[in-house]
Amino acid sequence: MTTKDLAKELVKLTVLEINDLSKILKEKYGIEEFQVHNTQINKKKQEKKEIQNQRFDLYLKSSGTSKLATIKLIKNITGKGLKESKDIVDSAPSLIKNNLNQTEADLLIKEFDQIGAIAELK
């Protein structure tokens with residue numbers, strides 16, 4: 001029997017048969033179950049958690065082609081009045097909002113991109 005043939009037969013086993021095989025391998029041959037530790041997967045999961053836990057500050061670099069749309073968007077994001085929002089746009093580069101998580105920051109960057117304004121994270 002070749003390795004390929006053995007693999008084909010193993011795939012056909014039911015859950016009960018796999019449990020029986022596991023018991024036989026353990027009792028007759030001393031083969032214990034083992035856990036596969038993939039360090040690359042664990043590293044990527046850890047890096048993803050670290051990125052999600054990072055906090056970002058959102059800065060306006062440029063209002064782009066539509067200053068009015070940028071003022072309105074800043075007003076909606078910050079809850080500030082029109083005058084304060086206009087001052088933020090006029091003094092670019094300026095802080096719009098701080099302490100954002102990755103998801104919030106990405107969504108806000110996309111909103112600025114849609115109106116042609118340029119925002120960045122720090």
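Leu60 has its place in strand β1. The model is a predicted one, and in it Leu60 counts as buried because its relative accessibility is 0%, where the limit for a buried residue is under 20%.

Leaving aside residues up to four places away in sequence, Leu60 touches a list of residues that includes Thr70, Ile74, Ile88, Val89, Ala92 and Pro93. Further along the chain, its contacts include Ser94, Ile96, Phe112, Ala117, Ile118 and Ala119.

Three strands make up an open sheet, and their order is β2-β1-β3 with antiparallel pairing. The strands at the edges are β2 (94–100) and β3 (118–121); each has a single partner strand, so one side of each is left without a neighbour in the sheet. On average, neighbouring strands of this sheet are turned by 25° against each other, with direction ignored. In general, strands of a sheet pair through backbone hydrogen bonds.

Strand β1, residues 56–62, pairs with β2 over four bridges in the antiparallel sense. Within this pairing, Leu58 has Lys97 of β2 as its bridge partner. The pairing of β1 with β3 is likewise antiparallel and runs over four bridges; here Tyr59 has Glu120 of β3 as its bridge partner.

## From the sheet to helix α4

Helix α4, residues 67–78, lies across β1 and β2 and runs at about 35° to β2. The loop between β1 and α4 contains Ser63. With a relative accessibility of 16%, Ser63 counts as buried, because the limit is under 20%. Not counting residues up to four places away in sequence, Ser63 touches Thr70, Val89, Gly116 and Ala117.

## Salt bridges

A search of the whole structure finds six salt bridges. In one of them, the side chains of Lys61 and Glu120 meet at 3.9 Å, N to O. This pair links distant parts of the chain, since Lys61 is in strand β1 and Glu120 is in strand β3, 59 residues apart. Lys61 is partly exposed, with a relative accessible area of 44%, and Glu120 is also partly exposed, at 24% relative accessibility. Together with Lys122, Lys61 and Glu120 are linked in a network of salt bridges.

Another salt bridge joins Lys83 and Asp87, whose closest N and O atoms are 3.3 Å apart. Both residues lie in helix α5 (residues 82–90), four residues apart, about one turn of the helix. Lys83 is exposed, with a relative accessible area of 59%, while Asp87 counts as partly exposed at 35% relative accessibility. The side chains of Lys12 and Glu9 also meet in a salt bridge, at 3.7 Å from N to O. Lys12 counts as exposed at 61% relative accessibility, whereas Glu9 is partly exposed with a relative accessible area of 39%.

Met1, Leu6, Leu10, Leu21, Ile24, Leu25, Tyr29 and Ile31 make a nonpolar surface patch of about 800 Å². Helices α1 (3–11) and α2 (15–29) each supply at least two residues of the patch. The largest share, four residues, comes from α2.

Leu21, one of the patch residues, is found in helix α2. At 31% relative accessibility, Leu21 counts as partly exposed.

Terms used
Residues numbered from 1 in each chain as written. Predicted model: local features only at pLDDT ≥ 70, side-chain atom pairs only at ≥ 80, totals over all residues. Heavy atoms only, no water. Pairing = 2+ DSSP bridges. Axes fitted to C-alpha atoms, helices over the stretch in contact; angles between N-to-C directions. Contact = heavy atoms within 4.5 Å. Patch = residues over 30% accessible without salt bridge, like charges linked within 9 Å, V, L, I, M, F, W, Y side chains within 5 Å. Areas by Shrake-Rupley, 256 points an atom, 1.4 Å probe, with all protein chains shown as cover. Salt bridge = Lys/Arg side-chain N within 4 Å of Asp/Glu carboxyl O. Buried < 20%, exposed > 50% of the residue type's maximum accessible area, 1.4 Å probe, protein only.
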